[in-house]
Amino acid sequence: MEIITAVRGFKDILPPETDKWRHIEATAHQVFRAFGYREIRVPLLEKTGLFSRGIGESTDIVEKEMYTFIDRGEESLTLRPEATASIIRAYLEHALHAAETVTKLYTLGPMFRRERPQKGRYRQFHQIDAEILGPDDPRTDAELILMLMHFLKILGLPNLNLEINSLGCAECRPAFREAILSFLHGREEELCGDCRRRLGTNPLRVFDCKVETCANIISQAPLLPAFLCEGCREHFEKVQASLRLFDLPFHQNPKMVRGLDYYTRTTFEVTTEFLGAQNAVVGGGRYDHLVRDLGGPDISGIGFAIGFERLVAMIPEGDGDASPDPILFIAALGEMALRKAFFLCNRLRMKGIHVEMDHAGRSLKSQMKRADKLKSVYTLILGDREIQENKAFLRNMLASTQEEIRLDSMEETIMRIER
RNA sequence: GUGGGUGUAGCUCAGUUGGUUAGAGUGCCGGGUUGUGGCCCCGGAGGCCGAGGGUUCAAAUCCCUUCACUCACCCCA
């Protein structure tokens with residue numbers, strides 16, 4: 001019979017990989033809490049409308065990459081492709097905005113997009129997501145970015161680039177959009193097929209094109225900063241000024257546009273050369289009207305999403321939780337010894353000590369081999385013979401020495417050794 | 001959705017111009033010591049050569065289909 005395999009694009013995360021995951025999660029909890037964020041856990045499944053309204057009808061995510069299905073022939077539901085929309089939904093549904101003027105939330109967990117899998121990108125992937133809802137002053141932006149970079153630094157990630165930009169607001173962005181359109185007008189023939197399509201959907205994304213001719217053309221185009229209104233320019237300046245207070249290198253990248261419709265003003269991205277084509281580790285930005293667009297008051301927000309798998313891929317091997325090597329392995333010889341060993345082994349475990357044994361009644365040699373393989377610090381050698389005499393041998397596996405110990409005080413001896 | 005690459009033992013991979021019972025390393029199990037690990041030596045188990053079809057006296061090898069994995073594109077964290 002054939003085994004049933006995981007769904008395409010869905011991955012098992014096995015040990016010891018899970019140690020890394022726990023390490024990253026623990027670090028996130030610790031760092032984010034210090035910056036005053038509280039954890040929120042939102043459902044993986046939402047009404048489809050939440051995302052089409054939040055992310056934007058014409059984005060690729062909504063158009064072709066969502067895991068959407070009709071629930072019992074009634075309602076269209078979608079596995080969340082990102083967390084921000086859900087967080088804002090919960091923020092509004094529970095009227096958190098009425099309870100406080102600043103809400104700092106984070107969450108971590110799986111997201112779903114129905115794309116062709118490739119390196120660092122699966123259909124179920126994971127993100128760490130943080131949002132600040134309420135204030136729109138530039139120090140908020142700087143604080144969020146600062147926390148993000150601090151988090152990445154603590155994880156020890158190498159060669160990261162922080163790029164920031166301002167996309168302007170409803171006042172100034174349309175003018176820029178028009179400028180780009182008129183700049184490209186008449187040159188459609190020179191652009192690649194994708195870019196011609198982009199002209200109709202999101203002309204700003206021509207900046208992202210990797211085709212050389214497109215890149216050449218767009219390099220002559222006017223840039224966004226020149227079109228920022230006074231308010232946006234000032235905001236952006238202040239964000240940068242706040243960042244400069246810290247030892248935190250960043251690059252202003254006027255060509256960085258983002259894929260989601262809701263971003264306004266500050267946007268940022270953290271990239272690395274380590275990950276092939278999937279070079280972005282984090283993306284984020286300000287969304288001044290998303291809360292309003294989702295039916296709430298006109299409250300602004302800013303947030304980021306970290307690609308968990310990409311983080312994992314960059315963390316050095318062995319940089320995780322302490323390895324689960326046992327303190328003690330009990331090698332038992334004989335039926336009586338096996339029974340005694342089983343009892344001792346589990347009693348010590350209940351006291352929090354990691355003890356292993358083998359129940360199969362193998363030779364001492366093979367049990368020693370197993371103890372060695374498990375990297376057990378000590379091995380207790382316990383045969384029927386020793387039980388008669390109320391003793392056992394405690395072997396130090398590193399020093400290759402062993403001593404005789406009394407069996408009835410064995411638990412105390414082990415407890416003492418363990419410290 | 002589009003294009004390229006790869007599918008042989010648990011894992012990493014050999015396998016000549018098609019030619020006997022398909023190999024290595026590693027891992028696993030056992031032995032070399034009446035009850036003592038690592039190093040070393042010996043033995044064993046483990047493969048429908050991704051699946052289906054075709055060509056041929058003969059297919060892991062050639063052809064077609066399909067599936068999976070993988071890299072890239074679109075897009076995105």
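**Salt bridges and cores**

Mentor: Glu46 is buried, at 7% relative accessible area (buried means under 20%, exposed over 50%, partly exposed in between, with a 1.4 Å probe and protein chains only). This is a predicted model, where local features need pLDDT of at least 70, side-chain atom pairs count only at pLDDT 80 or more, and totals for chains, interfaces and linings use all residues. Residues are numbered from 1 along each chain as its sequence is written, and side-chain values use heavy atoms, leaving out hydrogens and water.

Trainee: Which side chain does Glu46 meet in a salt bridge?
Mentor: Arg89, at 2.4 Å, N to O. A salt bridge is a side-chain nitrogen of Lys or Arg within 4 Å of a carboxyl oxygen of Asp or Glu.

Trainee: What does that pair tie together?
Mentor: Glu46 is in strand E2 (residues 45-47) and Arg89 in helix H4 (residues 84-93), so the bridge joins parts 43 residues apart in sequence. Helices (H or I, at least four residues) and strands (E, at least two) are DSSP runs, numbered from the N terminus.

Trainee: How many salt bridges does the structure hold?
Mentor: 19. Asp136, Asp141, Arg265, Arg286 and Asp288 are linked in a network of them. Arg286 and Asp288 pair at 3.3 Å, N to O, and both are buried.

Trainee: Switching topic, which residues touch the most other members of the largest nonpolar core?
Mentor: Phe32, Ile128, Phe151, Phe304 and Leu311, out of 90 residues. Such a core is a set of buried Ala, Val, Leu, Ile, Met, Phe, Trp, Tyr and Cys residues joined through side-chain atoms within 4.5 Å.

Definitions and conventions:
Chains are lettered from A and ligands numbered from 1 in the order in which they are written.
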